[in-house]
Amino acid sequence: MTSPRPDKPRSCLVPNYHDGYLEKMENKSQKYKRYWAVLRGNELFFQVTNRDPMYIEKINLEDFMSVEDDEIYNNNLQHIMTLKMKSGDIKLKAETLEAQDQWKSFIHTVTKLEIPNQVLLPGQIRRLQEVLELETKRRRKLGSSPPPLPPLRSTTPELDQNDYDDVENDRLSCFHKVSRMEAETLLVKNREFGNLLMRPSRDGNNLSITTRQAINNKAIVNHYRILCLDSGYIIDIGGGVLCNSRQQIIDHFIQQTKGMLKPLEIPEDYEMNLSIMVEDAESGELINQKLPTSPTLELQTLPQLGMAKEKPRAYLKIEPQAKPSRPIDLQGLKRDINEELSRKLQQRRAAISE
């Protein structure tokens with residue numbers, strides 16, 4: 001049983017200048033092993049496949065001196081080149097002679113900060129010039145310090161508090177805790193509010209993006225995997241797209257599709273009237289009864305207190321009861337009450353005597 005490979009995040013904080021399959025001679029076995037190689041900045045990363053978010057080995061090219069062809073093996077069409085490093089030689093094997101020349105030109109450009117003196121096509125020269133400009137700007141920005149790498153993922157069951165996402169700052173209105181099938185149904189029912197949503201993946205450790213586009217009564221539904229790393233997120237398409245936040249993931253889909261994908265933002269319903277739940281006296285049924293509002297409304301604005309101007313808020317104005325125009329005759333009122341009570345009492349006695 002083979003031992004598990006090291007769990008190291010792929011470095012995505014520096015640009016990808018060139019990638020492709022390479023075979024690297026292992027020091028112990030002295031045999032070549034095939035990897036997917038990625039040249040990021042002045043470091044060469046080795047992964048199992050181009051879709052793997054983790055690298056298993058890297059070569060820092062800071063002590064690079066030169067890259068040379070291995071004439072002995074190349075005569076046998078094996079396309080082997082040797083990286084001359086201060087710490088020792090590293091042998092790499094390319095798939096074709098063209099791939100070997102490309103690797104040599106890119107490695108020379110990012111390490112020496114110059115276009116190599118070799119036969120190149122115009123398109124290759126333009127690409128190397130772009131890489132040279134990017135790497136020069138990156139070196140100036142970082143100074144002499146090496147490019148920062150994302151922290152290694154912890155192998156212990158205990159998780160540090162900083163490993164958790166800042167949920168409050170990374171909350172999205174288009175994030176829905178639904179399954180794959182539920183996401184498709186949600187997009188169908190609410191197609192007027194958007195056609196893209198983010199959801200948890202099936203494994204519970206990553207995220208997914210579900211999109212639905214309908215044209216001429218034909219709908220196309222796509223699902224994209226989002227890998228969650230300690231250093232951010234990777235959209236698992238092509239060679240992988242690094243994003244620092246969930247909002248940046250959504251922005252990438254919107255920008256790349258030129259606005260054809262729109263985040264699903266379902267509006268929330270709010271009541272326009274104050275209502276209470278009452279029980280019907282006859283049937284006993286519960287009824288949602290709306291309360292009447294005063295016809296007199298007065299718009300009042302809260303003090304600004306140096307804050308941005310707010311939309312005026314409406315408040316109910318309670319009208320005071322009108323005062324009586326003349327004083328109440330308490331003696332007359334008392335006399336009227338006594339006469340009414342006496343009349344009621346006489347009527348009751350007459351009814352009993354009958």
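Both Tyr 35 and Phe 46 are buried, buried meaning under 20% relative accessible area, exposed over 50% and partly exposed in between (1.4 Å probe, protein chains only). The model is predicted, with local features requiring pLDDT of at least 70, side-chain atom pairs counted only at pLDDT 80 or more, and totals for chains, interfaces and linings using all residues. Residues are numbered from 1 along each chain as its sequence is written, and side-chain values use heavy atoms, with hydrogens and water left out.

Strand β4 (residues 43–47) is largely enclosed by the rest of the structure, because 5 of its 5 residues are buried; helices (H or I, at least four residues) and strands (E, at least two) are DSSP runs, numbered from the N terminus. In a regular strand the side chains alternate between the two faces of the sheet. Both faces of β4 are covered, with Glu 43, Phe 45 and Gln 47 buried on one side and Leu 44 and Phe 46 on the other.

Strand β3 (residues 32–40) pairs with β4 in the antiparallel sense over 5 bridges, pairing requiring at least two DSSP bridges between two strands. Trp 36 has Gln 47 in β4 as its bridge partner. Antiparallel pairing also joins β4 to strand β6 (residues 57–60), over 4 bridges, and here Lys 58 in β6 is the bridge partner of Phe 45.

The charged end of Arg 34 sits over the ring of Tyr 21, 3.8 Å from its centre; the criterion is NZ of Lys or CZ of Arg within 6 Å of the ring centre and within 35 degrees of the ring normal. Likewise, the charged end of Arg 246 sits over the ring of Phe 175, 5.3 Å from its centre.
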